[in-house]
Amino acid sequence: MQDEKKLDKILEKFYNRYNRYNTKVIKKLGNAIKEFDGIKPSDAHIIAQQLKYGTDIDELLNELSSINEKSIEELYTLLDEVAKENTEFAEIYSKAKNKEFISYEDNTQLQNIVNAIKIQTTGNMINITNTRAVGFTLKKDDRVIFKPLKRAYNDLIDEAVYNVSTGQENYQSAMRNVMKQLADSGVRINENKVKYKSDYTRRIDSAVRQNVLEGVRQVNIQVQQEVGELIGADGVEISAHSLCAEDHLDIQGMQFSNKQFERINDDLDRPIGTMNCRHFIFSI
């Protein structure tokens, strides 16, 4: 995808969808806390049981599954469009070299490559519906721990009951502190439960946005390699984008022979097309 503004608009759409979900979850938790404001300690346990055995959290998890289904369907269409765009890019070069041009719709080999990338990219999005993978990072005893959404919700209610029952701390102050932690954390994905063997977590909206970008980038790279072989390309051109990081500033927008680019890219700590790089590689 060569149009940077178009790509940004697409990525923003995915980001906003999950950001709205993040806001909705935090509002739900905030509304649960409000149920305890000003009530008698004797009533706190009754309200807690009603909230815990309600359907709010299950509904939120089901909604996330629906959001994912819609996003995955759109992502499949997007990756096909990127592949088609990259294939059409080669038509003029194929004709110039008197080589047969095969459209993406008729190119089974390219379709298989793109389908493999689809499975890899959307697999991570499917996994985030795992109830143990979605939650918040909260502080406890000077440690930051990840709590799945349902556990975070139940612990939040238990803390509200405790503060109401003991009266040792101002209820509004205590709950305000908890809600601030939730808002600062945002709904997060525990990557250990999704793909990676680590305890690293990322906000769900940012994680999905990055996942979509990675899928687009991988389709671009793989299809361009196939196109390059088809037209007998002996070089590459690196796309250019605004706010380029310093390590790629002297490379973007440039053309290199295949051997030059391989040598330059191998010497980079952050090779082109990896580690949040937004550059695309085109065969020439």
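Colleague: Which residue lies over the face of Phe14?

Modeller: That's Arg17, at 5.7 Å from the ring centre. A charge sits over a ring if NZ of Lys or CZ of Arg is within 6 Å of the ring centre and within 35 degrees of the ring normal. Keep in mind that this is a predicted model: local features need pLDDT of at least 70, side-chain atom pairs count only at pLDDT 80 or more, and totals for chains, interfaces and linings use all residues. Residues are numbered from 1 along each chain as its sequence is written, and side-chain values use heavy atoms, with hydrogens and water left out.

Colleague: OK, next topic: how do β1 and β2 run?

Modeller: Antiparallel, with 6 bridges joining β1 (residues 134-140) to β2 (residues 143-148). Strands are DSSP runs of E, at least two residues, numbered from the N terminus, and helices are runs of H or I, at least four. Two strands pair if DSSP finds at least two bridges between them.

Colleague: And what stands opposite Val144 in β2?

Modeller: Lys139 does. The two strands form a hairpin with 2 residues between them, and Asp141 in that turn has a positive phi of about 50°.

Colleague: Which elements give two or more residues to its lining?

Modeller: α2 (41-52), α3 (56-88) and α6 (149-166). Leu51, Ile57 and Tyr153 are among the lining residues.

Notes:
1 Å grid on protein atoms, 1.4 Å probe; cavity = no way out; pocket = protein on both sides within 12 Å on 5 of 7 lines; lining within 4 Å.
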